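Subject: Structure handover

Hi,

Here is the structure I promised to pass on. My notes follow below it.

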Amino acid sequence: DAVGIHDGCTPAPPPPPCGDSAATIPFESDHPYTNNRDCTWTYDNGSPGFALHFSLLDVEADFDFVIITDGNGAEVVRYTGTFRRGVTTPCIGTNVSNVRLVTDGSVVGDGFIVDAAVPC
C-alpha cells in the first residue's frame, strides 16, 4: 500500500485498435476520437491523381493532427483545428494515401469523415 501496489489489481486493458489498412470511402475516426492515439487509415484509389474530401475535420488545434501522406510516405498536407465547411486535400500523386490521426492526452474533437476521392 505504501508504494501504490495492491493485491488483485490488474493493468488497464490496451485501447481498442484504430485505423484501417484497407479503408473504403466513406471512412472516419471515432466521434469524438480518444486521447493518446496514433491511427492510420490506408486508402487505395486504384489510380494516381486524386484528392480526398473531408466532410468533417475537427481536431484540437495545434495539439492533434490529421496527416495525409502518399503511397511513398511523403507528407502531402497536415491539418489541425476545425474546418467547418469541409476541406479537400492537395492532389495525391500515387494510388495509395494514408490518413493518420495523432492525438495528445487532453482535449478531443469530433474527428474526421472522408466522404469522397475526387480526380485532380
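First, a term: two strands pair if DSSP finds at least two bridges between them. Strands themselves are DSSP runs (E, at least two residues), numbered from the N terminus. This is a predicted model, so local features need pLDDT of at least 70 and side-chain atom pairs count only at pLDDT 80 or more, while totals for chains, interfaces and linings use all residues. Residues are numbered from 1 along each chain as its sequence is written, and side-chain values use heavy atoms, with hydrogens and water left out.

Strand 3

Strand 3 covers residues 38-44. Seven bridges tie it to strand 8 (residues 96-102), and the two run antiparallel. Within strand 8, valine 99 stands opposite tryptophan 41. Strand 3 is also joined to strand 1 (residues 20-23), this time parallel and through two bridges. There, alanine 23 stands opposite tyrosine 43.

In a regular strand the side chains alternate between the two faces of the sheet. Strand 3 has a covered face with Cys39, Trp41 and Tyr43. Its uncovered face carries Asp38, Thr40, Thr42 and Asp44.

An open sheet has four strands in the order 2-9-4-7, with antiparallel pairing. Strand 2 (27-28) and strand 7 (87-88) are the edges, each pairing on one side only. Eight bridges join strand 4 to strand 9, and these run antiparallel.

The core

Which residues have the most contacts inside the largest nonpolar core? They are Phe54, Val66, Val99 and Phe112, in a core of 21 residues. Such a core is a set of buried Ala, Val, Leu, Ile, Met, Phe, Trp, Tyr and Cys residues joined through side-chain atoms within 4.5 Å. Buried means under 20% relative accessible area with a 1.4 Å probe, protein chains only. Strands 3, 4 (50-58), 5 (65-70), 6 (75-79), 8 and 9 each supply at least two residues of this core. Strand 4 gives the largest share, four residues.

Two residues to look at

Contact means heavy atoms within 4.5 Å. Leaving aside neighbours within four places in sequence, phenylalanine 54 is in contact with residues including Val66, Val99, Phe112 and Ile113. Isoleucine 113 sits in strand 9 (residues 111-119). Not counting residues up to four places away in sequence, isoleucine 113 touches Phe27, Glu28, His31, His53, Phe54, Ser55 and Leu56. Its C-alpha atom is 9.3 Å from that of glycine 86, 27 residues apart along the chain.

Best wishes

Key
Buried means under 20% relative accessible area, exposed over 50%, partly exposed in between (1.4 Å probe, protein chains only).
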